[in-house]
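Please open the structure in your viewer and keep the sequence beside it, so that each selection can be followed in turn.

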Amino acid sequence: MMKMMRKIVVSAVLLLLMFSVSAVAQVGAGIDMGVGARALSFAGNHTAVANDLSAAYWNPAALAFMPVREFQLSFDAMRTFGTCDVTGARIGALPGAKNDDYRDRIRFAGAGAMTAIPTVQGGLSIAAVYEAPLTFDDFSVYGYRFTDTDTTISENAFKYGDLNRISVAFGIQVAPQVSAGLAVSVLTGGATTDYDQKRNGRPYNDVEIDHSYLGYSLTFGAFYLPADYLKLGMRFNTVVSLGFKEEWALRYAEGEPLFTGLNRPERLGPFEGKAYIAPKGAIGAGLTLPWLTTALDLRFTLPYTFAMPGENIPDDVQARYFKMGAGLGLEAPIPTTPVVLRAGYSLDECDLYQIVHRLGDDDSGWDPIDWDEGRDFDIIRNKHTLSFGAGLFTSGFGLELSYAWQTWGMAHDNGERRLEQIYSNHRLMAALIFRY
């Protein structure tokens, strides 16, 4: 009887916490960082001007016009700030409540090698590379009180992790000024969400959720050189398959501890499912002059109806619509020195659905996705990226340093309280390049 009651309680807790965690940590979670120090200093506007190993991500067709052998290592450090503001008809300030926080991360951002192979028909280059383009870092920290009951609420939700790519890419010239490229990528990585709620200073809901991912994706590229000084490029990325596993560790539910023994949390799972990422791409143009290189990118993310055909996504949910972005990058050499300076700016529609989860499988059936919770979210600040950097090149060796600042914001209104969150991310990246 006690075991049956525990199962009932845990099931109810799951329903409650699945909504709570997704409301503050899944929708809107994820920062699409891109890869490469030079690309970062261009604010991600790299589709037509990629000239190093990062072309495997930005446009694999550009590899065909790089007649070099290259090895590259990159590292980055990030600090993400978040500020929360809670309002509502029954909501009052909670003295001493923490309504902002930050998280620091130092990462091994990428490594790889490429080689060019002379052919009768033109250039052929092959690359193998590890990259970490998507981070799941997200957090919400805030407190408030209900003025009519004087109940105090303290919410803390933290999510961190990465989705990594291990890719084999190639670019080949199909005509004197035209090339095509393809990158086949294994996707792996994971994320941990830690959700902690207190009511009147005591633990109320406390859960940790771990996700691990495994799948693969394809990136297609095209490159055209209509003139020596003009470059045109295009890329398109689609995640073909991405499975995930989910495990839960429950510590408190509605104020009651959930322990199995030896003071350990109640563990549930692993549950298996399928994850979806909407297809996305870009077209770009680059103007290369002796004293200046300029790069312009137009980006798009397709609706989730392309990734999930037949899915009935409501008309008022952002996942149903295109997201657009654009930006400009600049690079200028310093005369008589081996140094180049770079800068960039991008503006992109904030994407609330970087990744979508669906539990179940083909044999047992797929659980329906609750798109209704997306109706409670608004974008209050689209994503702005401002960046700059420098590169130092000598014979066979290059050192690149880049810095980028991003900001974006969203709001969640559940009818009882409205939570507005403004984020900013600072990223410093370094890359070592060896050409031989």
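This is a predicted model: local features need pLDDT of at least 70, side-chain atom pairs count only at pLDDT 80 or more; totals for chains, interfaces and linings use all residues.

Residues are numbered from 1 along each chain as its sequence is written, and side-chain values use heavy atoms, with hydrogens and water left out.

Select E70 to begin, which is found in strand β2, residues 70-87 (strands are DSSP runs of E, at least two residues, numbered from the N terminus). E70 counts as buried because its relative accessibility is 0% (buried means under 20% relative accessible area, exposed over 50%, partly exposed in between, with a 1.4 Å probe and protein chains only). Show the residues that E70 touches, among them D52, G112 and Y436, leaving aside residues up to four places away in sequence (contact means heavy atoms within 4.5 Å).

Next, colour the aromatic residues, since a search of the whole structure finds 19 aromatic pairs (ring centres of Phe, Tyr or Trp, the last by its six-membered ring, within 6.5 Å; planes under 30 degrees apart are stacked, over 60 edge-to-face, the rest tilted). Select F81 and Y102, whose ring centres lie 5.6 Å apart with planes at 40°, so the pair is tilted. F81 belongs to strand β2 and Y102 to strand β4 (residues 100-116), 21 residues apart. F81 is partly exposed at 31% relative accessible area, and Y102 is partly exposed at 37%.

Move on to F139, F158, W408 and Y423, which form one aromatic cluster. Finally, select R199 and Y204, where the charged end of R199 sits over the ring of Y204, 4.2 Å from its centre.

How values were computed. Helices (H or I, at least four residues) and strands (E, at least two) are DSSP runs, numbered from the N terminus. A charge sits over a ring if NZ of Lys or CZ of Arg is within 6 Å of the ring centre and within 35 degrees of the ring normal.
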